[in-house]
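Student: Could you take a close look at one part of this model for me? Then please connect it to the rest, step by step.

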Amino acid sequence: MESNFPVVDMGLLQTEKRPEAMDKIKDACENWGFFELVNHGISHELLDTVENFTKGHYKKCMEQRFKEMVASKGLEAVQTEIDDLDWESTFFLKHLPVSNVYEVADLDDEYRKVMKDFALKLEKLAENLLDLLCENLGLEKGYLKKAFYGSKGPTFGTKVSNYPPCPKPDLIKGLRAHTDAGGIILLFQDDKVSGLQLLKDGNWIDVPPMKHSIVINLGDQLEVITNGRYKSIEHRVIAQQDGTRMSVASFYNPGSDAVIFPAPELIEKTEEENKLKYPKFVFEDYMKLYAGLKFQAKEPRFEAMKAVETTVNLGPIETV
């Protein structure tokens, strides 16, 4: 099933095969909500360094804590499905608008430096991808970056996760099914231990581990801005009985005060002003709602934002 998972070679964008690569990105955005990037311009050496530090840090600082949590909750012996926690060990780094990479406890300085460097490269890659999406959508270059900008620029952060071996993978998910609330997500994942799956046409499909690739997926905000041309897709992590899966997911999201709404060019002439499929809202308000509803369907979130919309006077957006 996974052999036709979309893999995009970004190297082709500089060649006469550019139209084919752009088509592949377009098809992936329209029909998968996910694609895997190779030749993305981030050196294999940097990726290997990030992986080594991340796995080393987990063993040194997080593994024992995770085992203690499992023991305290009696998770080894569960008999029924657990639906209120995830079998994962995580920490978060913020990069934009303000970095906290030097404040997070327990990280080696060398690891901090590497993650800062990695984040800068991912930020550039995210902005490059947003422009490729603009090109495919017929939006002016820079439109999506501006839509995300708000008054202080985008919100950008990294969730560093490890999914340890799980004795009951049928009863405890590594990460329960959800769509991502934000903008565009760039994932550097384990190339040996699998587990990430996306929902396509009613079936769960594996996102194949591939060495040195970056997996891209689209969040709810891009679904709104593209007026549903591109969709945020439900995904989950299946815990494995052996092997710890590393996941370094970076979220390039709108600024907290960015006003999100469907791009006027993408609204069908037949859609009347008062019957728009998607709401207009301030990103931070969406995130407050999402915090309590992450593992539920996104459609009610969009409907709830529509209800709020009538009470918020959102002036026109300056995109220049």
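Predicted model: local features only at pLDDT ≥ 70, side-chain atom pairs only at ≥ 80, totals over all residues.

Tutor: Asp-201 counts as exposed, because its relative accessibility is 69% and the cut-off for exposed is over 50%. Where does Asp-201 sit? Its place is the loop between strand E7 (196-200) and strand E8 (203-206). Now look at its backbone. Asp-201 is not a glycine, yet its phi is positive, about 50°. Why is that worth a glance? Most residues other than glycine have a negative phi.

Asn-227 also has a positive phi, about 55°, and is not a glycine. This residue lies in the loop between helix H5 (220-225) and strand E10 (235-237). Is Asn-227 buried or exposed? Asn-227 is buried, because its relative accessible area is 3% and buried means under 20%.

There is one more backbone feature to find. Most peptide bonds are trans. The bond from Leu-96 to Pro-97 is cis, with omega near 0°. Pro-97 belongs to the loop between E3 and H3.

Stay in that loop for Asp-106. Asp-106 lies between strand E3 (89-96) and helix H3 (109-137). Its side chain meets that of Arg-65 in a salt bridge, 3.4 Å from N to O. Arg-65 is in helix H2 (residues 44-73), so the pair ties together parts that are 41 residues apart in sequence. Asp-106 is partly exposed, at 45% relative accessible area. Arg-65 is partly exposed too, at 48%.

How many salt bridges does the structure hold? The count is 18. Another one of them joins Lys-159 and Glu-88, at 3.2 Å from N to O. This pair links distant parts of the chain, 71 residues apart. Lys-159 is in strand E4 (residues 155-163), while Glu-88 is in the loop between H2 and E3. Lys-159 counts as buried, at 10% relative accessibility. Glu-88 is buried as well, with 17%.

Now move to Lys-192 and Asp-191. Their side chains form a salt bridge of 3.5 Å, N to O. Lys-192 is exposed, at 66% relative accessibility, whereas Asp-191 is buried, at 16%. How far is Asp-191 from Arg-65? Their C-alpha atoms are separated by 25 Å, and the two residues are 126 residues apart along the chain.

Next, some like charges. Glu-16, Glu-20, Asp-23 and Asp-27 form a patch of negative charge on the surface. Take Glu-20 from this group. Glu-20 is in helix H1 (residues 18-31). Glu-20 is exposed, with a relative accessible area of 52%.

Finish with the cysteines. A disulfide is a covalent bond between the sulfur atoms of two cysteines. This structure has zero disulfides. The cut-off is within 2.5 Å. Cys-134 is buried, at 0% relative accessibility. Cys-61 counts as buried too, at 17%.

Look back at where we began. Asp-201 is exposed, and Asn-227 is buried. Yet a positive phi is found in Asp-201 and in Asn-227.

Conventions:
Residues numbered from 1 in each chain as written. Heavy atoms only, no water. Patch = residues over 30% accessible without salt bridge, like charges linked within 9 Å, V, L, I, M, F, W, Y side chains within 5 Å. Areas by Shrake-Rupley, 256 points an atom, 1.4 Å probe, with all protein chains shown as cover. Salt bridge = Lys/Arg side-chain N within 4 Å of Asp/Glu carboxyl O. Lys, Arg positive; Asp, Glu negative; His and termini not counted. Charge placed at Lys NZ, Arg CZ, Asp CG, Glu CD. Helix = DSSP H or I, 4+ residues; strand = E, 2+ residues; numbered from the N terminus. Buried < 20%, exposed > 50% of the residue type's maximum accessible area, 1.4 Å probe, protein only.
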